Amino acid sequence: MASGKFTRRRFLETSAATTAFVAAPFVRGAHAAGSLSVAFWDHWVPGGNKASEDVARAWAEKEKVDLKIDFITSQGNKNLLTIAAEAQAKSGHDIFAFPTWYIHEHAGQLEPVDDVMPELIKQNGNVNGTVDYLAKVKGRWMAVPSTPGSQIKGPCSRIDLMKQHAGIDVVAMYPAGEAPKAENWNMETFLKAAEACHKAGFPFGLGLGQTTDSVDNIGAFFQSFGAELVDKDGKITVKSDNVRQVMEYLRKLAAFLPPDAPAWDDASNNKWLVAGRGALICNPPSAWAVAKRDAPDIAKQCWTHGMPAGPKGRFAPYLPYLWGIWSFSRNKNAAKSLLVALSSHDAIAKMVEVSAGYDLPAYEKLTTLKTWAEAEPPKGTLYHYPNPHNHQTLSIAAAPAPPNIANQIYNQAIMTKMVARNLGGEPLERTLAWAESEVEGFMRG
């Protein structure tokens, strides 16, 4: 099996090809097999796969690598089933696009990328803290952040409805091309706006269900209050004052949400916006993109912006994909070379453009690409989507608990279940006792 060593010289040879994909000769010279297989996430934005494929095939042509590409859907969890099957068989693709928590789950079968990530960070800027939390295992980089599939699920507001019913000018608060003027955009303001829009017949479309959109959004509210179910050291902190405070806040907020919010899935908020039924949802730009096609008058009134600030700060729900290399790969150097090519400025800019601004690079120097500034209607509607002024912390629900515990809290939707139980009439202390028992079970497992 070929060595997995990837030197700084080899990195520079590869990264120098950010636009033209100049050949890195070591790939051809160091490997007998000359082949590589990649499992990309199958994009749900029409045409969204094209950028990744074009970049990868241009790289393969220059490197004389026989490249096989598969796009594997996340619908029906087919990607998760494929990951499990390949891990068990110790055979399959060389590179796989792992969702969120699955790097930690399979870390023992992945090739470290400590020789790649420091150089990508020098080239593209620091990654956000959530990528650091999810892609590092015991201090070692085990994955490279993927632009395709990564997203922020921040607010998309109706300009007209927020101004008319809540007295909030979201465009003035988050002006295109400028830093936010959101000092007064906080939890109290958000609650009052939700109440006003509810009374006007246009409730905020936030779900309290058990799928990722609901879990991500509620998780950001928890973090804004400093409410952790398990702390970074693995201590259970369910019955803390901060958890009680966020639960009290969410109980008040839930009164102004759609009555079926606990039953919402990931399609519900999109449909809510496109149907013109609400003044605000939390979602990546996919809902706006569908509105452009199916309800253009509504799309013209959409503005994507930042989350409200809580007592402990402003947190935005962030969900990344991560590229990992299986330890059983027979062409690790070529795999690392391809990941460098996929992480160049020009490659990432192409991915963002083809996905209509949906895909999100993790690097701080790549948050001001022209796609977001020029997206319309209205022009500038996506400018603040990638957090260009770093005015909010990108977070994932259940962090900073140790990832093996956070994964279970997240996937079992413990936080949204807590809100739904309490909203359904269960006393708060009984809800907290239930959550504590659930987390204790994760610890024992």
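Q: Accessible areas come from the Shrake-Rupley method with a 1.4 Å probe. What is the accessible surface of this protein chain, and what share belongs to carbon and sulfur atoms?
A: This is a predicted model. The surface of its protein chain comes to about 17,400 Å². Carbon and sulfur atoms hold 49% of that surface.

Q: How do you know how confident the predictor is in the chain?
A: Look at pLDDT, which runs from 0 to 100. Its mean over the protein chain is 93. A value of 70 or more is reached by 93% of the residues.

Q: What makes up the chain in terms of helices and strands, and what share of its residues is buried?
A: The chain has 21 helices and 11 strands. Buried residues are 59% of the 445. Consider contacts with a separation of 6 or more: 77% of them join residues 24 or more positions apart.

Q: Why is Pro-112 called buried?
A: The cut-off is under 20% relative accessible area. Pro-112 has 17%, so Pro-112 is buried. Its place is the loop between α5 (102-105) and α6 (117-124). Beyond its sequence neighbours up to four places away, Pro-112 touches Arg-140, Trp-141, Met-142 and Lys-336.

Q: Why does His-106 count as buried?
A: Apply that cut-off again: under 20%. His-106 has a relative accessible area of 11%, so His-106 is buried. The loop between α5 and α6 holds His-106. Its contacts, with residues up to four places away left out, are Ile-83, Ala-87, Phe-98 and Trp-326.

Q: Is Pro-46 buried or exposed, and how do you know?
A: Exposed means over 50%. Pro-46 has 72% relative accessibility, so Pro-46 counts as exposed. Find Pro-46 in the loop between β1 (35-41) and α3 (50-63). Pro-46 and Ala-356 are 310 residues apart in sequence, yet their C-alpha atoms are 9.6 Å apart in space.

Q: Why is Gly-310 called buried?
A: Buried means under 20%. Gly-310 is at 17%, so Gly-310 counts as buried. Its loop runs between β9 (302-304) and β10 (315-325). Gly-310 touches Met-187 and Ser-224, leaving out residues up to four places away. From Gly-310 to Pro-148, the C-alpha distance is 30 Å.

Q: Which residues of helix α20 are buried, and what do they pack against?
A: In α20 (residues 414-423), the buried residues are Ile-414, Met-415, Thr-416, Met-418, Val-419 and Asn-422. They pack against α11 (212-224), α12 (241-254), α19 (403-411) and α21 (428-444). Just after α20 comes Gly-425, with a positive phi of about 115 degrees.

Q: How many charges does the protein chain have, and how far apart are their mean positions?
A: There are 46 positive and 45 negative charges.

Conventions
Residues are numbered from 1 along each chain as its sequence is written. This is a predicted model: local features need pLDDT of at least 70, side-chain atom pairs count only at pLDDT 80 or more; totals for chains, interfaces and linings use all residues. Side-chain values use heavy atoms; hydrogens and water are left out. Helices (H or I, at least four residues) and strands (E, at least two) are DSSP runs, numbered from the N terminus. Buried means under 20% relative accessible area, exposed over 50%, partly exposed in between (1.4 Å probe, protein chains only). Contact means heavy atoms within 4.5 Å. Lys and Arg count as positive and Asp and Glu as negative; His and the chain ends are not counted. The place of a charge is taken as NZ of Lys, CZ of Arg, CG of Asp or CD of Glu.
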